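Student: I would like to learn how to read a few local features of a protein model. Could we go through them one at a time?

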Amino acid sequence: MSLFSLFCLVLVSQLMAGFSSSIPPPSYGDHLSVLSIDGGGIRGIIPASVLDYLDKALKAKDPTTSLAHYFDVISGTSTGGLMTAMLAAPDSPDSNQPLFTPSEVVKFYKKYGPEILKSRPWYDPNKCPKYDGVFLRNITRQILKDTRLNQTLTNVVIPSFDEKKINPVVFSNFKLKTETYLNAKLSDICLATSAAPTFLPPHQFVNDGVEFDMIDGAMAANNPAMVAVSEVIQHTDEEKEILLLSLGTGTTKSSKLNGIFDGVCQIGWLINSIDVVSEALYSTNMIHYYLATVFPGLLPQDNYLRIEEYNLDPSLEAMDDASPKNMDKLEKTGKNLLNQNVFRININSFAPVQLNQTNAQALDRFAEKLYAERQLRLKRKSMEMGGRPFIGTVKAKSNRISAT
């Protein structure tokens, strides 16, 4: 084999290794990146549409990468939890590419939403919950197969709630070293976090000898941003600045508890689950969880981006309207949101304050930070492993092989 052929072979192998590698650990960088996606049923189309913009912005810089190659943590509740699994699960056992891109997530919702949220037939004696959950269970198991939490391309954090133990449960890669029973199948985790009371049945399963009786993660944290950040701070030794992108599913000015007390099913569930409601409303366990995050310090403002539609059209408020017309409107809402100005919540008045940049501009800046962080980590890791720049490493390997 000629030296030139050998050089090409080593070069290709190095490049392919770089293409298939996930994000190096935070120890090689300056920041720790977190993506958080709220719950909201079919309104998950809104954050998925926003993420599609970010995904394309990052692919313009490096077409071989996905969101899982830039975020150290992807977190989601309910529909956001399902999206988290789709973005973080590998598309095959030995692959380093995700199961879905954000644009494919939107297509998934629009294709299967009507079946997932298909009302029971009039002759079905069971009227509660509103949907039997059979199709959601089948399609979730079909796409995620036997993939487990420890097999994701990056760390995921997905909250749920055990209605028998009256306790929040946080499925997190960070916890697996000590809480091995949490290494459940992603399909079970998704069904657990999306089991919205009165809409879908609870999800029971057993993993590693532990029984779970789970309902919607929104009972613990509909916005999982604090949960994700707390996981990072509690379970990593890295003293890095946190880059946090938090995506909402839209809220109307007049929405109050999203109509949870409307209807016979809701009233019946509330009467029989008063202990669950009490814990969810007062969140005694979650308060302790949040305190672990609050005390270490606050995030630099430039590192935190929250994108939310604070004036959602009331006609789009329903979490379970999977009609083609409504889903098209939700996708349009997500795209239009990109052209709106960024809002930041005033922590004194709790009113959104408009900033002087659009969400698209803010995402472009966020993409620059994510890309720069990844490149920095790859460079530092390469230097540590080879002790020299990439070309020097290739030449050294070529010299060693040609000498044998």
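Student: In which loop is the place of Ser78?

Tutor: Bear in mind that this is a predicted model. Ser78 lies in the loop between β2 (73-76) and α3 (79-88).

Student: What is the phi of Ser78, and is the residue buried or exposed?

Tutor: As a general idea, most residues other than glycine have a negative phi. Ser78 is not a glycine, yet its phi is positive, near 55°. Ser78 counts as buried because its relative accessible area is 8%, and the cut-off for buried is under 20%.

Student: Where is Asp208, and what is its phi?

Tutor: Asp208 is found in the loop that runs between β5 (203-207) and β6 (210-215), and this residue, although not a glycine, has a positive phi of about 55°. With a relative accessible area of 55%, Asp208 is exposed, since exposed means over 50%.

Student: Which residues does the cis peptide bond join?

Tutor: In general, most peptide bonds are trans. Here a cis bond links Cys128 to Pro129, with omega about 0°, and Pro129 sits in the loop between α4 (102-116) and α5 (134-144).

Student: What is the volume of the largest cavity, and which residues line it?

Tutor: A cavity is a space where a probe fits but cannot get out. The count comes to 1 cavity of 30 Å³ or more, and the largest cavity has a volume of about 30 Å³. Its lining includes Asp55, Lys59, Leu87 and Phe100, and the lining residues divide into 6 nonpolar, 2 polar and 2 charged.

Notes: Residues are numbered from 1 along each chain as its sequence is written. This is a predicted model: local features need pLDDT of at least 70, side-chain atom pairs count only at pLDDT 80 or more; totals for chains, interfaces and linings use all residues. Side-chain values use heavy atoms; hydrogens and water are left out. On a 1 Å grid over the protein atoms alone, a cavity is a set of points where a 1.4 Å probe fits but cannot get out, and a pocket is an open set with protein on both sides within 12 Å along at least five of seven lines; lining residues have an atom within 4 Å of a point. Grid points are joined across faces, edges and corners, and a volume is the space filled by probe spheres set on the points. Ala, Val, Leu, Ile, Met, Phe, Trp, Tyr, Cys and Pro count as nonpolar, Asp, Glu, Lys and Arg as charged, and the others, Gly among them, as polar. Helices (H or I, at least four residues) and strands (E, at least two) are DSSP runs, numbered from the N terminus. Buried means under 20% relative accessible area, exposed over 50%, partly exposed in between (1.4 Å probe, protein chains only).
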